[in-house]
Amino acid sequence: MQRDEKATTTKPRMLRRALDFIHDNAQYEISIRDIAAASDVTPRAIQYAFREHLDLTPLEYLRRVRLERAHRELKSADPAQDTVTSIAGRCGFSHHGRFSSAYKQVFGTEPSRTLRSS
C-alpha cells in the first residue's frame, strides 16, 4: 500500500501521523501501542480512526503495507541472489508460513512463484 498524498491530507492529523509511522517503520516489530504513541493518542482512539476512515485496523493496514513491499521486492529481485525468506524478513515478516499464506491470499500466487518469474 503506497502513500496517497492527496487522500492522506483529507484525513485527521492523528491518522496521517499513524500512516506515516507505519510506512516509515513497517519493516520493524511495531505494535498498536507504538502506532498510537507516534500519533499522540490512545490505542483505542487510533483503532477507531482506522476503522472509521479506512475500514481496517492499524495492524491490518500494517500487514498490507508489508505485503505490498514484499510483492514489489519479489518482482524485482534476482532469484539467484534473493530468497523469499530474506525478502519477507526485510519487509517485517518473521514467520515464513504466515507470510506465504497471506501473500497467496492477496496476490493469488505463491511468493516463490513471483520471485521465479522476476
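The structure is a predicted model, in which local features need pLDDT of at least 70 and side-chain atom pairs count only at pLDDT 80 or more, while totals for chains, interfaces and linings use all residues. Residues are numbered from 1 along each chain as its sequence is written, and side-chain values use heavy atoms, with hydrogens and water left out.

Helices (H or I, at least four residues) and strands (E, at least two) are DSSP runs numbered from the N terminus. The C-alpha trace spans about 45 × 25 × 20 Å along its principal axes. Of the 118 residues in the protein chain, 36% are buried. Contacts (heavy atoms within 4.5 Å) between residues at least 6 apart in sequence join residues at least 24 apart in 59% of cases.

Next come the charged pairs. Side chains of opposite charge can pair when their charged atoms come close. The structure holds five salt bridges, each being a side-chain nitrogen of Lys or Arg within 4 Å of a carboxyl oxygen of Asp or Glu. One of them joins Arg-17 to Asp-40, at 2.8 Å from N to O. Arg-17 belongs to helix α2 (residues 13-25) and Asp-40 to the loop between α3 (32-39) and α4 (43-54), so this pair ties together parts that are 23 residues apart in sequence. Asp-40 is exposed, at a relative accessible area of 64%.

Another salt bridge links Arg-90 and Glu-73 (2.7 Å, N to O). Because Arg-90 sits in helix α6 (residues 84-90) and Glu-73 in helix α5 (residues 58-76), the pair ties together parts 17 residues apart in sequence. Both partners are partly exposed, Arg-90 with a relative accessible area of 42% and Glu-73 with 26%. Lys-104 also forms a salt bridge, with Glu-110, and here the closest N and O atoms are 3.2 Å apart. Lys-104 is partly exposed at 41% relative accessibility, as is Glu-110 at 29%. Through salt bridges that share partners, Glu-73, Asp-82 and Arg-90 join into one network.

Ile-32, Ile-35, Ala-36 and Ser-39 are its buried residues. They lie on the same side of α3, because they cover an arc of only 95° around the axis, the arc being that of the directions from the helix axis to the C-beta atoms. Arg-33 and Ala-37, on the other side of α3, are exposed. The cover over the buried residues includes α2, α4 and α5. Just after α3, Asp-40 takes a positive phi of about 60°.

Finally, the largest pocket holds about 190 Å³ of space. Among its lining residues are Glu-29, Arg-63, Arg-66, Phe-93, His-95 and Phe-99. Two or more lining residues come from each of α5 and α7 (96-107), and α7 gives the most, with three. A pocket is an open set of points on a 1 Å grid over the protein atoms alone, where a 1.4 Å probe fits, with protein on both sides within 12 Å along at least five of seven lines; lining residues have an atom within 4 Å of a point. Grid points are joined across faces, edges and corners, and the volume is the space filled by probe spheres set on the points.

Technical notes
Buried means under 20% relative accessible area, exposed over 50%, partly exposed in between (1.4 Å probe, protein chains only).
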